[in-house]
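I opened my notebook to look through this structure one part at a time.

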Amino acid sequence: MKRTSNILIVAALAGGALLSACNKGAHNRKPGKIYVPDMYESRAYEFYNGRLASMKPVEGTVKRGAMLPYHLKAEDTAQANSVRNPLTVDEAGIKEGKRLFDIYCGVCHGTKLDGNGPLYKGGDGPYSAAPPAFLTGKLMGYSEGRIFHVITYGFNMMGSYASQLDAEQRWKVVAYIKNMQNGGEAPATPAADSTAASAAPAAVVAAK
């Protein structure tokens, strides 16, 4: 009988200790010291907060992995002529340039670069004036920097494509155009030019 009483007493004490521990919970009102309380009791963050989502990058900063900004203005045509393509574009890059050209430029300049895209369609399209061809005429003499500049700012009836194509994509479009103007031969590796590299445009638009 005495042994049974001892067992009951021990069980009662163990149960009391267990209940006492449970009552403290994960957020005891007197938890002692908490390491890094801002992480232990973190505040909610509104990922889709309108104010935060619309904030622009800090002025003068460049996104990791991104190209340097294009600092030339629309009127700086002469300087744009000396800008070199900062990318070393391989066959895959040329192929991607063609894909982007067909999507964004082919509608006017034609996927054959002949100036006969769907919007002109030999004079039967909605545009009465034929866009210039890349494989004949004055555009054959455009430098890669000049083409990039036009894609960036637009020219005459053509608007800017800087918002549709990022800098790398625009340079790939330029590489594809120059590749076709060279008869489809692989473009030469761009010469290392610190001046040209620093002026590398951040946006390229299909020249017209």
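**Confidence**

pLDDT is the predictor's confidence in each residue, from 0 to 100. I noted that this is a predicted model, where local features need pLDDT of at least 70, side-chain atom pairs count only at pLDDT 80 or more, and totals for chains, interfaces and linings use all residues. Residues are numbered from 1 along each chain as its sequence is written, and side-chain values use heavy atoms, with hydrogens and water left out.

I marked residues 189-208, where pLDDT stays under 50. The model has 78 contacts beyond four places in sequence for this stretch, a contact being heavy atoms within 4.5 Å.

**The core**

Next I looked up the largest nonpolar core. Such a core is a set of buried Ala, Val, Leu, Ile, Met, Phe, Trp, Tyr and Cys residues joined through side-chain atoms within 4.5 Å. Buried means under 20% relative accessible area, exposed means over 50%, and partly exposed is in between (1.4 Å probe, protein chains only).

Which members touch the most others? Among the 27 residues of this core, they are F101 and V173. Helix 5 (91-104), helix 7 (144-153) and helix 8 (167-181) are the elements that each give two or more residues to the core. Helix 8 provides the largest share, six residues. Helices here are DSSP runs (H or I, at least four residues), and strands are too (E, at least two), numbered from the N terminus.

I then listed the contacts of V173, leaving aside neighbours within four places in sequence: G97, L100, F101, C105, I151 and L165.

**Helix 8**

I checked the length of helix 8. The expected span of a helix is 1.5 Å times one less than its number of residues. For the 15 residues of helix 8 that gives 21 Å, and the end C-alpha atoms are 21 Å apart, which agrees.

How many residues of helix 8 are buried? I found 12 of the 15, so helix 8 is largely enclosed by the rest of the structure. Among them are W171, V173, Y176 and even K172 and K178. The buried residues of helix 8 pack against helix 5 and helix 7.

At the start of helix 8, a side-chain oxygen of D166 comes within 3.2 Å of the backbone nitrogen of E168. I counted this as a polar contact: a pair of N or O atoms within 3.5 Å, where within protein one must be able to donate a hydrogen and the other to accept it, and residues adjacent in sequence count only if both atoms are side-chain atoms.

Q181 is also in helix 8, and at 12% relative accessibility it counts as buried. A polar atom of the Q181 side chain lies 2.8 Å from the backbone oxygen of F134. Beyond four places in sequence, Q181 is in contact with F134, L135, L139 and M140. After helix 8 comes G183, with a positive phi near 80°.

**Helix 7**

Eight of the 10 residues of helix 7 are buried, so this helix is largely enclosed by the rest of the structure. Helix 4 (77-80) and helix 8 are included in what covers the buried residues of helix 7. G154 follows helix 7 and has a positive phi, near 85°.

**Aromatic pairs**

Rings of Phe, Tyr and Trp (its six-membered ring) pair if their centres lie within 6.5 Å; planes under 30 degrees apart count as stacked, over 60 as edge-to-face and the rest as tilted. My count by this rule is six aromatic pairs. One of them is Y70 with F148, edge-to-face at 5.3 Å centre to centre and 80° between the planes. Y70 lies in the loop between helix 3 (50-53) and helix 4, and F148 in helix 7, so the pair ties together parts 78 residues apart in sequence. F148 is buried at 0% relative accessibility.

F101 and Y176 form a tilted pair, 5.6 Å centre to centre with 55° between the planes. F101 is in helix 5 and Y176 in helix 8, 75 residues apart.

Most residues other than glycine have a negative phi. I noted L113, not a glycine, with a positive phi of about 60°, and K121 with one near 50°. Is each buried or exposed? L113 is buried, at 0% relative accessible area, whereas K121 counts as exposed at 55%.
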